[in-house]
Amino acid sequence: MNVKILATIAISLLMAWAIFHFKAQLGIFILPLFIGLVTFVTLRLYRLMEKDKPEDE
C-alpha cells in the first residue's frame, strides 16, 4: 500500500478519535469538524486514487 494512503488513514483515525473523545468539550463544533474530516478524507483519497489510475491510450 502507498505510504501516503496509510498516513491519510492514520491521520483521519486520530482526528476522528479526538473529535469523538472530546465531543462534550467541542459542543456545537462537533458537526462542522466531522463534516470537515469526511471531506478531507474523501478528497485526499480521491486525489491519491486519481494518481494511480492507469491512463487510457
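This is a predicted model: local features need pLDDT of at least 70, side-chain atom pairs count only at pLDDT 80 or more; totals for chains, interfaces and linings use all residues.
The buried residues of helix H1 are Ile5, Thr8, Ser12 and Ile19. Because these four span an arc of only 60° around the axis, they lie on the same side of H1. An α-helix has 3.6 residues a turn, so residues three or four places apart point the same way.

Helix H1 itself runs over residues 3–21 and has 19 residues. From its first C-alpha to its last it reaches 27 Å, close to the 27 Å expected at 1.5 Å a residue. The cover over its buried residues includes helices H2 and H3. On the face of H1 turned away from the buried side, the exposed residues are Val3, Leu13, Leu14 and Trp17.

Ser12 counts as buried because its relative accessibility is 12%, and buried means under 20%.

Attention may now pass to the helices that contribute to this cover. Helix H2 comprises residues 23–26, and Lys23 lies within it. Lys23 is partly exposed, since its relative accessible area is 48%; the class of partly exposed residues extends from the buried limit of 20% to the exposed limit of 50%. The C-alpha atom of Lys23 is separated by 41 Å from that of Pro54, a residue 31 places away along the chain.

Helix H3 comprises residues 30–52, and Arg47 is found in it. With a relative accessible area of 49%, Arg47 is partly exposed. Between the C-alpha atoms of Arg47 and Ala18 the separation is 25 Å, the two residues being 29 apart along the chain.

Helix H3 also takes part in a feature of the surface. A nonpolar surface patch of about 450 Å² is made by Phe20, Leu31, Phe34, Ile35 and Val38. Helix H3 gives the most to this patch, with four residues. Phe34, one of the residues that make the patch, lies in helix H3. Its relative accessible area is 36%, and Phe34 is therefore partly exposed. Patches are made of residues with over 30% relative accessible area, so the value of 36% for Phe34 lies over that cut-off.

Note on methods:
Residues are numbered from 1 along each chain as its sequence is written. Side-chain values use heavy atoms; hydrogens and water are left out. Patches are made of residues with over 30% relative accessible area and no salt bridge: like charges are joined within 9 Å, nonpolar side chains (Val, Leu, Ile, Met, Phe, Trp, Tyr) within 5 Å. Accessible areas come from the Shrake-Rupley method with a 1.4 Å probe; for residues, only the protein chains shown count as cover. A salt bridge is a side-chain nitrogen of Lys or Arg within 4 Å of a carboxyl oxygen of Asp or Glu. Helices (H or I, at least four residues) and strands (E, at least two) are DSSP runs, numbered from the N terminus. Buried means under 20% relative accessible area, exposed over 50%, partly exposed in between (1.4 Å probe, protein chains only). The expected span of a helix is 1.5 Å times one less than its number of residues. The arc is that of the directions from the helix axis to the C-beta atoms. Contact means heavy atoms within 4.5 Å.
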